[in-house]
Amino acid sequence: MARYRTRLPQLDGGPFLTDGGLETTLVFIDGIDLPHFAAIDLLRRDGGRERLKQYSEQYLQIARNNGCGFVLESVTWRASRDWTRKLGYSEAEHLRLNQVAIEDLAALRDRWETSATPVVVSGNIGPRGDGYDPGDVMTTQEAEAYHACQIALFSDTEADMVTAMTLTNVPEAVGIVRAAARRSMPSVISFTLETDGRLPTGQPLGEAIEETDAATDGAAAYYMINCAHPTHFESVLAKGGDWINRIRGVRANASTRSHAELDNSTDLDAGDPEQLGRDYARLRTLLPAANVFGGCCGTDHRHLEQIGGRCSGHARAA
């Protein structure tokens with residue numbers, strides 16, 4: 001049974017952490033081949049589930065050390081039907097592995113949760129297409145129908161919520177929020193931004209949040225930004241607006257590189273973990289509602305240690 005589906009504890013305002021860049025850690029640090037950048041493939045490999053468990057526990061320990069809650073994201077960012085077909089999975093494998101991904105997180109929560117560190121289990125959803133290029137944008141109806149399958153799978157597990165990451169366009173966001181609402185699942189929408197602080201479609205972030213809310217009666221639990229460096233979107237946030245208060249989370253990249261540069265990169269740009277921690281401290285002054293912090297491409301436990309300290313008040317001032 002889901003523990004927090006009817007009331008997400010992060011909505012109460014306390015500090016929460018989540019993990020860093022799972023796929024970049026596995027590929028560039030562990031040297032693991034991930035076809036189509038799909039971490040779910042580890043669930044089929046010898047030792048894969050144990051490696052994922054170790055990965056999550058490293059971050060759970062950081063949350064405990066900083067007195068923060070934690071959002072456990074499943075390894076299902078590229079596990080919707082189109083992606084598992086590309087991976088060569090059968091329909092049965094598609095269904096089973098999405099469920100196993102949540103079962104493993106629920107077991108981790110049973111071992112790690114404390115009163116000071118509530119642990120939320122999130123079913124992670126990625127875009128149907130590329131996370132950097134909107135490509136052929138679906139209609140809202142097409143997006144709802146496509147993502148409804150994976151959301152339905154999560155709704156029958158212990159997942160408390162669904163988080164859609166690296167979304168590039170509003171129609172897909174609207175479809176996901178609507179599909180989640182039909183299954184009584186809290187949803188979080190995380191948009192990816194280009195170096196100019198706009199969505200890959202060219203739409204301003206504030207306009208995208210307002211349009212998604214208007215089309216769904218504000219049904220999303222909150223919004224996040226991921227897969228962009230803080231310097232790419234700070235100036236956008238500084239302009240303000242009521243939409244700023246709908247953003248509760250940030251999962252920034254370690255690198256200042258553009259999406260095109262990252263896509264063609266053969267090395268890992270891990271940036272400066274201490275500087276990223278300071279960047280997050282600045283973001284907090286621009287995002288009054290934000291209390292969920294993690295990382296994206298190029299980040300690992302070193303970055304989250306800095307971010308956790310800065311965002312929980314445990315770090316010394318710079």
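**Figure 1. Burial of Phe191 and Tyr223 in the predicted model.** Both Phe191 and Tyr223 are buried, where buried means under 20% relative accessible area, exposed over 50% and partly exposed in between, with a 1.4 Å probe and protein chains only. The model is predicted, and local features need pLDDT of at least 70, side-chain atom pairs count only at pLDDT 80 or more, and totals for chains, interfaces and linings use all residues. Residues are numbered from 1 along each chain as its sequence is written, and side-chain values use heavy atoms, with hydrogens and water left out.

**Figure 2. The aromatic pair of Phe191 and Tyr223.** Three aromatic pairs are present in the structure. The ring centres of Phe191 and Tyr223 are 6.3 Å apart and the planes stand at 15°, so this pair is stacked. Rings of Phe, Tyr and Trp (its six-membered ring) pair if their centres lie within 6.5 Å; planes under 30 degrees apart count as stacked, over 60 as edge-to-face and the rest as tilted. Because Phe191 belongs to strand 5 (residues 187-192) and Tyr223 to strand 6 (residues 222-226), the pair ties together parts that are 32 residues apart in sequence. Helices (H or I, at least four residues) and strands (E, at least two) are DSSP runs, numbered from the N terminus.

**Figure 3. Leu17 and its contacts.** Leu17 is part of strand 1 (residues 16-17). With a relative accessible area of 1%, Leu17 is buried. Apart from neighbours within four places in sequence, the contacts of Leu17 are Ile62, Ala63, Cys68, Gly69, Phe70, Val71, Phe293, Leu304 and Gly308; contact means heavy atoms within 4.5 Å. From Leu17 to Met1 the separation is 16 residues in sequence and 23 Å in space, C-alpha to C-alpha.

**Figure 4. Gly14, in the segment before strand 1.** Gly14 has 29% relative accessibility and counts as partly exposed. Between Gly14 and Val100 there are 29 Å in space, C-alpha to C-alpha, and the two are 86 residues apart in sequence.

**Figure 5. The chain around these views.** Eleven helices and eight strands make up the secondary structure listed for the chain. The C-alpha trace spans about 50 × 40 × 40 Å along its principal axes. Of the 318 residues in the chain, 60% are buried. Among contacts with a separation of 6 or more, 79% are between residues 24 or more positions apart.
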